[in-house]
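Welcome! Please take a look at the protein below, and then read on for a short tour.

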Amino acid sequence: MFAEVREAFWKQDPGVTQVLSLLTAARVFIVPLFISEGYFSEEVIPRELGFRGQQQDSWSRTMRRGGQMLYYCKPIGTHDRMTEVLLARARDIAEKFPGRRPPKTEETTLFIAGHGTEQNENSRMAIERQVSLIRERNLYAAVHAVYLEEEPRIGHCYELAQTRNMIVVPFFISDGLHTQEDIPVLLGEPESIVRQRLKRGQHAWRNPTEKQGKLVWYTPSVGTDPQLAEVILDRVREAG
(Lines give C-alpha, C1' and ligand atoms only; values in the text may rest on other atoms or scores of the structure.)
Protein backbone atom coordinates (compact mmCIF):
# COMPACT_ATOMS: atom_id res chain seq x y z
CA MET A 1 0.00 0.00 0.00
CA PHE A 2 2.92 2.36 0.72
CA ALA A 3 6.39 2.93 -0.69
CA GLU A 4 7.67 2.03 2.77
CA VAL A 5 6.48 1.72 6.36
CA ARG A 6 8.88 2.72 9.11
CA GLU A 7 8.72 2.68 12.90
CA ALA A 8 10.18 5.51 14.98
CA PHE A 9 10.35 6.32 18.67
CA TRP A 10 10.59 9.28 21.00
CA LYS A 11 12.77 7.78 23.74
CA GLN A 12 14.76 5.12 21.89
CA ASP A 13 16.34 4.42 18.51
CA PRO A 14 15.46 4.83 15.74
CA GLY A 15 14.37 8.35 16.74
CA VAL A 16 11.45 10.21 15.15
CA THR A 17 13.53 13.05 13.68
CA GLN A 18 16.23 10.62 12.51
CA VAL A 19 13.77 8.44 10.60
CA LEU A 20 11.93 11.43 9.13
CA SER A 21 15.17 12.87 7.75
CA LEU A 22 15.79 9.66 5.77
CA LEU A 23 12.41 9.50 4.04
CA THR A 24 12.20 10.59 0.41
CA ALA A 25 8.54 9.94 -0.49
CA ALA A 26 6.48 12.91 -1.67
CA ARG A 27 3.88 12.30 1.04
CA VAL A 28 4.69 11.15 4.57
CA PHE A 29 2.03 10.18 7.12
CA ILE A 30 3.06 10.18 10.78
CA VAL A 31 0.69 8.17 12.98
CA PRO A 32 1.17 8.58 16.76
CA LEU A 33 0.78 5.23 18.49
CA PHE A 34 -0.49 6.95 21.60
CA ILE A 35 -3.68 6.44 23.60
CA SER A 36 -4.68 10.09 24.02
CA GLU A 37 -4.33 13.54 22.52
CA GLY A 38 -2.01 14.36 25.40
CA TYR A 39 1.32 15.89 26.28
CA PHE A 40 3.61 13.83 24.04
CA SER A 41 1.36 13.26 21.03
CA GLU A 42 0.00 16.83 20.82
CA GLU A 43 2.83 18.96 22.21
CA VAL A 44 6.26 17.37 22.46
CA ILE A 45 6.47 15.42 19.18
CA PRO A 46 4.68 17.99 16.94
CA ARG A 47 7.04 20.67 18.29
CA GLU A 48 10.10 18.50 17.70
CA LEU A 49 9.02 17.80 14.11
CA GLY A 50 8.22 21.45 13.37
CA PHE A 51 4.43 21.26 13.17
CA ARG A 52 4.09 23.74 16.02
CA GLY A 53 6.33 26.44 17.51
CA GLN A 54 7.37 26.86 21.12
CA GLN A 55 4.51 29.19 22.05
CA GLN A 56 1.81 28.21 19.52
CA ASP A 57 -1.61 27.33 20.86
CA SER A 58 -2.99 26.65 17.38
CA TRP A 59 -1.13 24.54 14.83
CA SER A 60 -1.60 22.62 11.62
CA ARG A 61 -1.36 18.86 11.13
CA THR A 62 0.05 19.35 7.63
CA MET A 63 3.41 20.85 6.70
CA ARG A 64 5.40 21.25 3.50
CA ARG A 65 9.09 20.44 3.76
CA GLY A 66 11.01 20.96 0.54
CA GLY A 67 9.30 18.72 -2.00
CA GLN A 68 7.50 16.68 0.66
CA MET A 69 4.08 17.01 2.26
CA LEU A 70 3.99 15.82 5.86
CA TYR A 71 0.76 14.76 7.56
CA TYR A 72 0.59 14.41 11.33
CA CYS A 73 -2.37 12.13 12.06
CA LYS A 74 -4.48 11.94 15.18
CA PRO A 75 -3.43 9.34 17.78
CA ILE A 76 -4.91 5.89 17.42
CA GLY A 77 -6.33 5.76 20.95
CA THR A 78 -9.03 8.35 20.23
CA HIS A 79 -10.39 6.48 17.21
CA ASP A 80 -14.00 5.27 17.43
CA ARG A 81 -12.93 1.71 16.61
CA MET A 82 -11.12 1.47 19.97
CA THR A 83 -14.45 0.73 21.68
CA GLU A 84 -14.64 -2.57 19.80
CA VAL A 85 -11.00 -3.31 20.62
CA LEU A 86 -11.64 -2.83 24.35
CA LEU A 87 -14.75 -4.99 24.29
CA ALA A 88 -12.97 -7.69 22.31
CA ARG A 89 -10.17 -7.79 24.87
CA ALA A 90 -12.65 -8.22 27.73
CA ARG A 91 -14.72 -10.82 25.88
CA ASP A 92 -11.70 -12.85 24.73
CA ILE A 93 -10.08 -13.15 28.17
CA ALA A 94 -13.31 -14.41 29.74
CA GLU A 95 -13.80 -16.97 26.97
CA LYS A 96 -10.19 -18.17 27.05
CA PHE A 97 -10.02 -18.45 30.85
CA PRO A 98 -13.59 -19.06 32.06
CA GLY A 99 -12.62 -20.39 35.49
CA ARG A 100 -15.27 -22.61 37.09
CA ARG A 101 -17.90 -20.92 34.94
CA PRO A 102 -17.69 -18.08 32.39
CA PRO A 103 -18.46 -14.69 33.99
CA LYS A 104 -21.70 -13.12 32.79
CA THR A 105 -21.22 -9.53 31.68
CA GLU A 106 -24.21 -8.36 33.73
CA GLU A 107 -22.48 -9.79 36.81
CA THR A 108 -19.10 -8.26 36.00
CA THR A 109 -17.50 -4.84 36.54
CA LEU A 110 -15.27 -3.68 33.67
CA PHE A 111 -12.27 -1.47 34.43
CA ILE A 112 -10.37 0.47 31.77
CA ALA A 113 -6.89 1.09 33.21
CA GLY A 114 -4.95 4.05 31.87
CA HIS A 115 -1.79 5.95 32.68
CA GLY A 116 -3.08 9.44 33.45
CA THR A 117 -0.86 12.49 33.91
CA GLU A 118 -1.31 15.96 35.32
CA GLN A 119 0.88 17.42 32.57
CA ASN A 120 -2.02 17.53 30.12
CA GLU A 121 -5.72 17.50 31.00
CA ASN A 122 -6.53 15.71 27.72
CA SER A 123 -4.56 12.65 28.81
CA ARG A 124 -7.53 10.93 30.47
CA MET A 125 -10.21 12.15 28.06
CA ALA A 126 -9.81 9.22 25.65
CA ILE A 127 -10.26 6.72 28.48
CA GLU A 128 -13.24 8.53 29.99
CA ARG A 129 -14.86 8.71 26.56
CA GLN A 130 -14.52 4.95 26.08
CA VAL A 131 -15.93 4.30 29.56
CA SER A 132 -18.94 6.45 28.68
CA LEU A 133 -19.49 4.71 25.32
CA ILE A 134 -19.32 1.23 26.85
CA ARG A 135 -21.62 2.22 29.72
CA GLU A 136 -24.23 3.30 27.20
CA ARG A 137 -24.35 -0.24 25.80
CA ASN A 138 -25.45 -1.65 29.17
CA LEU A 139 -23.36 -4.77 28.71
CA TYR A 140 -21.62 -4.78 32.10
CA ALA A 141 -22.88 -4.26 35.63
CA ALA A 142 -20.60 -1.20 35.80
CA VAL A 143 -17.73 0.37 33.85
CA HIS A 144 -15.01 2.47 35.51
CA ALA A 145 -11.77 4.20 34.58
CA VAL A 146 -8.76 3.76 36.87
CA TYR A 147 -5.25 5.22 36.52
CA LEU A 148 -1.60 4.73 37.36
CA GLU A 149 -0.88 8.38 38.16
CA GLU A 150 -4.29 9.95 38.78
CA GLU A 151 -7.36 9.30 40.87
CA PRO A 152 -9.06 6.89 41.05
CA ARG A 153 -5.96 4.70 41.26
CA ILE A 154 -5.84 1.17 39.88
CA GLY A 155 -5.62 -0.27 43.38
CA HIS A 156 -8.98 1.29 44.24
CA CYS A 157 -10.84 -0.99 41.83
CA TYR A 158 -11.72 -3.41 44.64
CA GLU A 159 -13.56 -0.63 46.46
CA LEU A 160 -15.34 0.49 43.29
CA ALA A 161 -16.53 -2.95 42.17
CA GLN A 162 -19.93 -3.98 43.51
CA THR A 163 -19.72 -7.36 41.76
CA ARG A 164 -17.61 -10.41 42.51
CA ASN A 165 -16.32 -10.57 38.93
CA MET A 166 -13.90 -7.94 37.61
CA ILE A 167 -12.22 -7.57 34.22
CA VAL A 168 -9.33 -5.11 33.92
CA VAL A 169 -8.31 -3.98 30.42
CA PRO A 170 -5.09 -1.92 30.20
CA PHE A 171 -5.61 0.96 27.76
CA PHE A 172 -1.93 0.98 26.82
CA ILE A 173 -0.12 0.61 23.50
CA SER A 174 2.36 -2.10 24.46
CA ASP A 175 2.71 -4.96 26.90
CA GLY A 176 5.64 -3.27 28.60
CA LEU A 177 6.69 -2.36 32.14
CA HIS A 178 3.37 -0.79 33.16
CA THR A 179 1.13 -3.59 31.93
CA GLN A 180 3.44 -6.51 32.74
CA GLU A 181 4.71 -5.42 36.16
CA ASP A 182 3.19 -2.26 37.60
CA ILE A 183 -0.51 -3.02 37.13
CA PRO A 184 -0.38 -6.68 38.30
CA VAL A 185 1.41 -5.51 41.47
CA LEU A 186 -1.14 -2.71 42.00
CA LEU A 187 -3.88 -5.33 41.64
CA GLY A 188 -2.32 -7.21 44.55
CA GLU A 189 0.05 -9.77 43.08
CA PRO A 190 3.40 -9.85 44.96
CA GLU A 191 6.18 -8.22 42.95
CA SER A 192 8.51 -11.21 43.45
CA ILE A 193 5.94 -13.61 41.96
CA VAL A 194 5.28 -11.31 38.99
CA ARG A 195 8.99 -11.11 38.20
CA GLN A 196 9.46 -14.87 38.58
CA ARG A 197 6.66 -15.52 36.10
CA LEU A 198 8.03 -13.05 33.58
CA LYS A 199 11.52 -14.53 33.93
CA ARG A 200 10.05 -17.94 33.08
CA GLY A 201 8.25 -16.53 30.07
CA GLN A 202 4.85 -16.83 31.74
CA HIS A 203 2.03 -14.30 31.96
CA ALA A 204 2.35 -11.95 34.92
CA TRP A 205 -1.29 -12.57 35.92
CA ARG A 206 -3.14 -15.88 36.13
CA ASN A 207 -6.74 -15.64 34.97
CA PRO A 208 -8.88 -15.59 36.95
CA THR A 209 -7.15 -14.78 40.26
CA GLU A 210 -9.08 -14.25 43.49
CA LYS A 211 -8.13 -11.07 45.36
CA GLN A 212 -9.99 -9.36 48.20
CA GLY A 213 -13.08 -11.48 47.63
CA LYS A 214 -13.16 -10.73 43.88
CA LEU A 215 -12.42 -12.87 40.83
CA VAL A 216 -10.14 -10.80 38.61
CA TRP A 217 -9.42 -11.26 34.91
CA TYR A 218 -6.60 -9.15 33.46
CA THR A 219 -6.19 -8.78 29.68
CA PRO A 220 -3.28 -7.95 27.37
CA SER A 221 -2.98 -4.30 26.35
CA VAL A 222 -5.22 -2.92 23.60
CA GLY A 223 -2.22 -1.91 21.51
CA THR A 224 -1.30 -5.50 20.69
CA ASP A 225 -4.73 -6.30 19.25
CA PRO A 226 -4.66 -7.18 15.51
CA GLN A 227 -7.38 -4.59 14.84
CA LEU A 228 -4.85 -1.81 15.49
CA ALA A 229 -3.51 -2.11 11.93
CA GLU A 230 -6.91 -1.05 10.59
CA VAL A 231 -7.08 1.82 13.08
CA ILE A 232 -3.71 3.08 11.80
CA LEU A 233 -4.91 2.90 8.20
CA ASP A 234 -8.09 4.79 9.11
CA ARG A 235 -6.01 7.59 10.61
CA VAL A 236 -3.95 7.80 7.41
CA ARG A 237 -7.10 7.95 5.25
CA GLU A 238 -8.54 10.74 7.39
CA ALA A 239 -5.38 12.82 7.14
CA GLY A 240 -5.01 12.28 3.41
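What follows is a tour of the overall build and then of some salt bridges.

This is a predicted model, in which local features need pLDDT of at least 70, side-chain atom pairs count only at pLDDT 80 or more, and totals for chains, interfaces and linings use all residues. Residues are numbered from 1 along each chain as its sequence is written, and side-chain values use heavy atoms, with hydrogens and water left out.

**The overall build**

The protein has 8 helices and 8 strands; these are DSSP runs numbered from the N terminus, with helices (H or I) of at least four residues and strands (E) of at least two. Its radius of gyration is 19 Å, close to the 18 Å from the globule rule for 240 residues, so the protein is as compact as a globular protein of that length. That radius is taken over C-alpha atoms, and the rule is 2.2 Å times the number of residues to the power 0.38. Along the principal axes, the C-alpha atoms fill a box of roughly 60 × 40 × 35 Å.

Of the 240 residues, 45% count as buried (under 20% relative accessible area, with exposed over 50% and partly exposed in between, using a 1.4 Å probe and protein chains only). Among contacts (heavy atoms within 4.5 Å) with a separation of 6 or more, 69% are between residues 24 or more positions apart.

**Salt bridges**

The count comes to 16 salt bridges, each a side-chain nitrogen of Lys or Arg within 4 Å of a carboxyl oxygen of Asp or Glu. Here are three of them, with their N to O distances.

| Pair | N to O distance |
|---|---|
| Asp-225 and Arg-89 | 3.7 Å |
| Glu-181 and Arg-195 | 3.5 Å |
| Arg-237 and Asp-234 | 2.7 Å |

Asp-225 and Arg-89 form a salt bridge. Asp-225 sits in the loop between strand S8 (214-218) and helix H8 (228-239), while Arg-89 belongs to helix H3 (residues 82-96), so the pair ties together parts 136 residues apart in sequence. Asp-225 is buried at 7% relative accessible area, and Arg-89 is buried at 11%.

Glu-181 and Arg-195 form another salt bridge. Glu-181 lies in helix H6 (residues 177-186) and Arg-195 in helix H7 (residues 191-199), so this pair ties together parts 14 residues apart in sequence. Glu-181 is partly exposed at 22% relative accessibility, as is Arg-195 at 48%.

Arg-237 and Asp-234 both lie in helix H8, 3 residues apart, about one turn of the helix. Arg-237 is partly exposed at 49% relative accessibility, whereas Asp-234 is buried at 15%. A network of salt bridges links Arg-81, Asp-234 and Arg-237.
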